[in-house]
2 protein chains.
Amino acid sequence: MLRVPFDDLYEALKRAMHRLGLRECRAQLCARLFAETTRDGVYTHGLNRFPRFEAMVRNGSIDVHAEPTRVSGLGALERWDGRCGPGNLNAHVAVHRAIALAKQNGIGGVALGNTNHWMRGGTYGWLAAEQGLFAICWSNTLPNVPAWGATTPSIGNNPLVIAVPRAAGPVVVDMAVSQFSYGTLASYSKRHKPLPVPGGYDAAGNLTTDASAIEASQRALPIGYWKGSGLAIVLDMLGAMLSGGNATHQFSDEPLRETGQSQIFLVIDPASLASGQELDRIADGIIDSLRHAAPIDPAKPIRYPGEQTLRLREENLRLGVPVDPEIWNSLRAT
Amino acid sequence: MLRVPFDDLYEALKRAMHRLGLRECRAQLCARLFAETTRDGVYTHGLNRFPRFEAMVRNGSIDVHAEPTRVSGLGALERWDGRCGPGNLNAHVAVHRAIALAKQNGIGGVALGNTNHWMRGGTYGWLAAEQGLFAICWSNTLPNVPAWGATTPSIGNNPLVIAVPRAAGPVVVDMAVSQFSYGTLASYSKRHKPLPVPGGYDAAGNLTTDASAIEASQRALPIGYWKGSGLAIVLDMLGAMLSGGNATHQFSDEPLRETGQSQIFLVIDPASLASGQELDRIADGIIDSLRHAAPIDPAKPIRYPGEQTLRLREENLRLGVPVDPEIWNSLRAT
């Protein structure tokens, strides 16, 4: 495994953003969001995702100059148009707007339509949590999972992020509502490793742990079977109805043309309800209680969502950020 | 199966509420919420749950006279104290308050602590959706599911409700974040029927479809394994931190003493963003798209969440509401 200093990764990404036509400030932020995602250990959505981002700028799916604009709203709720700009820059604006609305009203919501893949969804949860706020955010996607009872993809694996502030380290769920994201399936099939639990159906309709069989059948499993299927449907409905943007069924099924996502950013500021001290006491009590359950394997203590992030961040800053040599070399060569 | 007219069920429940000491208006509402739950086909949380409600009034866990009060808040976000009143009456107040906040601010949030089991969570989603609003609501519970990696229950199966308004019928997810609620497990084990998919682990630690083995081991499976486990943790954190009420680890593990739940009610009013016509067009487009996927079994069309509700409601009003004869007779005898 190749490790490179964080600053080198950031600088190489920034130069690449310049080459794609992003102006200085936006190139800096876009590069930083990509680099920080890899730094935090979410390898599928950082540097490894850059070639796809680049291809979508080149084919016109992403307009690097477009900035999101407010379309309508009332009080603490607003609809924004992402104008097909870079998804992480758009989402960064949207979550900051939801944060501002929450600071003013206790709770704030932004529905962002006509945007692009937000890359690592957890980014926007961490941003809110690091300011002492709660966030619930999600995106729809192209149809990549069959609805419960169907054999052909008709729902998205719509990533869902729920972030909780906590002085000792935010607690952040960042998950696709399929059992495994396609990024994760790809990472298992590339290594020819079986999935830890069944992740979908093979071509014959049997549950399987063979990631490549699921990539081939396109029959990934929603979490909790019918439950995740229902969840994907309502997340898509809220996203498309509130933002006025694409619903899952309106996307192109070509991944490199998957543009026009609908995303929701809900932020809650607890300042009017409780002191930071009271909130931390409750949060720490819940995390402590998890440690008291009997583990299946005494060598594997029970973890909370996002627990690995700060450890990986520290390790990757200290030792260098792991990169795929091929993608890294190609990034620097162009 | 015994079927009784809806009005008879309602009247019998109302008389029972009077016997428990509820004043007229509250007896009417509480009875109606129980009766409508059975009418809508959610049998586990309607009449079948009344004996447990009654026992918890008798043992002092539920104070039939307590009404919820506003504790603190800012703008569109409020904390309420349920004062251990009847859970469905408290939740009814809370969702109506969140609806009022949303109508004023576009989005509204109420955190309700110190309350009791809300019975059918979907009730509060339907209430919002029938007014043209979106709702996201959840409750925590006592520890009844092991966190991922643990053998002993340490997280709740925290029911989550997401409701979408739609003229042709609201779309409502109402689900526990365990693969099966304990109500559902009980219904399978009572009928000695295997679960349709594995629902947890047996005493030996193997995944099983035997509901009674899971009731015995107390090792129910969260939806999506580690994903539902993470979801349960953050839902509990938001509930307890925002309401100041119990977290899952603070509940008694005796079901008849499970009191002091923390619940969240988020409501979104889309009126400032889009017309009802635009919203329905988008919603209907999504529902229609589900019909176009190839079904596994051509005889089983793909359904959306909550689709069965209106059909069951109509059928049960027409033919009579199905009741458990034993519970029904005991309700009328006392």
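Q: At what angle do helix α1 and helix α2 of chain B pack, and how far apart are their axes?
A: In this predicted model, helix α1 (residues 6-19) and helix α2 (residues 24-39) of chain B pack at an angle of about 140 degrees, and their axes are 8 Å apart.

Q: Which residues make the contact between α1(B) and α2(B)?
A: From α1(B) come B:F6, B:L9, B:Y10, B:L13, B:K14, B:M17 and B:H18. From α2(B) come B:A27, B:Q28, B:C30, B:A31, B:R32, B:F34, B:A35, B:T38 and B:R39. By class, these are 10 nonpolar, three polar and three charged residues.

Q: What makes α2(B) roughly perpendicular to α4(B)?
A: The axes of α2(B) and α4(B) cross at roughly 95 degrees and come within 9 Å. The range for roughly perpendicular is 65 to 115 degrees, so α2(B) counts as roughly perpendicular to α4(B). B:R26, B:L29, B:C30 and B:L33 of α2(B) meet B:N88, B:L89 and B:H92 of α4(B). The contact of α2(B) with α4(B) has four nonpolar, two polar and one charged residues.

Q: Why is α4(B) called roughly parallel to α5(B)?
A: Helix α4 (residues 87-105) and helix α5 (residues 122-129) of chain B pack at an angle of about 30 degrees, with axes 10 Å apart. Angles under 35 degrees count as roughly parallel, so α4(B) is roughly parallel to α5(B). The crossing of α4(B) and α5(B) is right-handed. The contact joins B:A91, B:V95 and B:I99 of α4(B) to B:Y124, B:L127 and B:A128 of α5(B).

Q: How many residues of each class are in the contact of α4(B) with α5(B)?
A: There are six nonpolar residues, no polar and no charged.

Q: How do you know whether B:G82 is buried or exposed?
A: A residue is buried if 20 or more other C-beta atoms lie within 10 Å of its own. B:G82 has 30 C-beta neighbours inside 10 Å and therefore counts as buried. B:G82 is in the loop between β3 and α4 of chain B. Beyond four places in sequence, B:G82 is in contact with B:P68, B:N90, B:L112, B:G113, B:N114 and B:T115.

Q: Why is A:H192 called exposed?
A: A:H192 has 9, so A:H192 is exposed. A:H192 lies in the loop between α6 (182-190) and β10 (200-201) of chain A. A:H192 has a positive phi of about 55 degrees although it is not a glycine.

Q: What makes B:E326 exposed?
A: B:E326, in helix α11 (residues 325-333) of chain B, has 10 other C-beta atoms within 10 Å and is therefore exposed.

Q: Which residues touch the most other members of the largest nonpolar core?
A: They are A:A135, A:F265, B:A135 and B:F265, in a core of 204 residues. Beyond four places in sequence, the contacts of A:A135 include A:V95, A:Y124, A:V161, A:F265 and A:L266.

Q: How many residues of chain B are in contact with chain A, and which element gives the most?
A: 66 residues of chain B are in contact with 66 residues of chain A. On the side of chain B that touches chain A, α8(B) gives the most, with 12 residues. That side divides into 42 nonpolar, 20 polar and four charged residues.

Terms used. Residues are numbered from 1 along each chain as its sequence is written. Chains are lettered from A and ligands numbered from 1 in the order in which they are written. This is a predicted model: local features need pLDDT of at least 70, side-chain atom pairs count only at pLDDT 80 or more; totals for chains, interfaces and linings use all residues. A nonpolar core is a set of buried Ala, Val, Leu, Ile, Met, Phe, Trp, Tyr and Cys residues joined through C-beta atoms within 7 Å. A residue is buried if 20 or more other C-beta atoms lie within 10 Å of its own, exposed if 12 or fewer, and partly exposed in between; C-beta atoms are placed from the backbone. Two residues are in contact if their C-beta atoms, placed from the backbone, lie within 7 Å. Axes are lines fitted to C-alpha atoms, for helices over the stretch in contact, and angles run from 0 to 180 degrees between N-to-C directions. Helices (H or I, at least four residues) and strands (E, at least two) are DSSP runs, numbered from the N terminus. Angles under 35 degrees count as roughly parallel, over 145 as roughly antiparallel, 65 to 115 as roughly perpendicular and the rest as oblique. A crossing is left-handed if the near helix is turned anticlockwise from the far one by less than a right angle, and right-handed if clockwise. Ala, Val, Leu, Ile, Met, Phe, Trp, Tyr, Cys and Pro count as nonpolar, Asp, Glu, Lys and Arg as charged, and the others, Gly among them, as polar.
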